Each structure stands twice: as structure tokens, then as C-alpha cells.
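Subject: Structure for you to look at

Hi,

Here is the structure I promised. Please open it first, then read my notes below.

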Amino acid sequence: MEASETKSQETEDRARLRFQVELEFVQCLGNPHYLNFLAQRGYFKEQSFMNYLKYLLYWKKPEYAKFLKYPQCLHFLELLQYEHFRRELVNPACAKFIDEQQILHWQYYSRRRMRISLPKSSGQGSASEAEPS
């Protein structure tokens, strides 16, 4: 293997590792308790950290967002660009409230999705009517 091939392989490996690390970190931003942890330790007051969060906004592009398992993290990444939101995150009650709201949203969305995806009744009665009591 030539030196240029080795260097190219190292560059590809580093790029892959950076992608994985950034993907994992961006998804962690979807956890309000983690955001509270960062806020309480003063990360949001460090300019270098704020620059990093601004840099990570590239994850909103479709070619990157398609890799996210927890897309709500993009909403939090956007909110973290605002000082007022960052200040509020220091309060554990704020993180708890956000967490509860996420759970309520998921429950509503799941139920709504189930209703939409269930096949229409063919006029023969519902499943509960067909089951013996």
C-alpha cells in the first residue's frame, strides 16, 4: 500500500468516525434531561460550544437528517440557538416539562397513526362485537 493510499484511508476513517460522533451527539440533544445536564454545567455559556452547536445545524439538511433516529433533536438544536431557551434549561422543572410534553406528543401521534392505519370496517361489525364476552 502506498503512502497516499494509507493517508486516504486514514482520512476516510476519520471522516466516518466524525460523522458517527456528531450523529450520536446531535441525537443526544433530543433528551431534555441531557440538555439540563449541559446547562447546569455551564456548557451553553462557552462560546466555543455554542459555535459547535451552530456548526451542527448542517444536520437539518435532508441528506444528513435521514440518518437521525430521533428527529426531534433537530428542533432542540434549533432552540439551542436562542439564549432564552438555554437559560431556562438550567431549571430541572423545565427539562421535566419538556420531557412530559414529548411523551404526550408521542402518545397522541401513536394513537392517531393507529386509527389512520387500521382498515375500514366492512359493515360486518367491529372486532369487539365478534369476540365472545
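A salt bridge is a side-chain nitrogen of Lys or Arg within 4 Å of a carboxyl oxygen of Asp or Glu. Keep in mind that this is a predicted model.

The structure holds five salt bridges. In one of them, K60 meets E78, with N and O 2.6 Å apart. This pair links distant parts of the chain. K60 sits in the loop between α3 and α4, while E78 belongs to helix α5, 18 residues away. K60 is partly exposed, at 41% relative accessible area. E78 is partly exposed too, at 26%.

Two other bridges stay within a helix. D13 pairs with R16 at 3.3 Å between the closest N and O atoms. They are three residues apart in α1, so about one helical turn separates them. In α6, R87 and E83 are four residues apart, again about one turn. Their closest N and O atoms are 3.2 Å apart.

Helix α6 gives the most to its lining, with three residues. The lining has four nonpolar, one polar and four charged residues.

Now look at α2. Which of its residues are buried? They are P32, L35, N36, L38 and A39. N31 caps the N-terminal end of α2, with a side-chain oxygen 2.8 Å from the backbone nitrogen of H33. Just after the helix, G42 takes a positive phi of about 80°.

Best wishes

Notes: Residues are numbered from 1 along each chain as its sequence is written. This is a predicted model: local features need pLDDT of at least 70, side-chain atom pairs count only at pLDDT 80 or more; totals for chains, interfaces and linings use all residues. Side-chain values use heavy atoms; hydrogens and water are left out. Ala, Val, Leu, Ile, Met, Phe, Trp, Tyr, Cys and Pro count as nonpolar, Asp, Glu, Lys and Arg as charged, and the others, Gly among them, as polar. Buried means under 20% relative accessible area, exposed over 50%, partly exposed in between (1.4 Å probe, protein chains only). A polar contact is a pair of N or O atoms within 3.5 Å; within protein, one must be able to donate a hydrogen and the other to accept it, and residues adjacent in sequence count only if both atoms are side-chain atoms.
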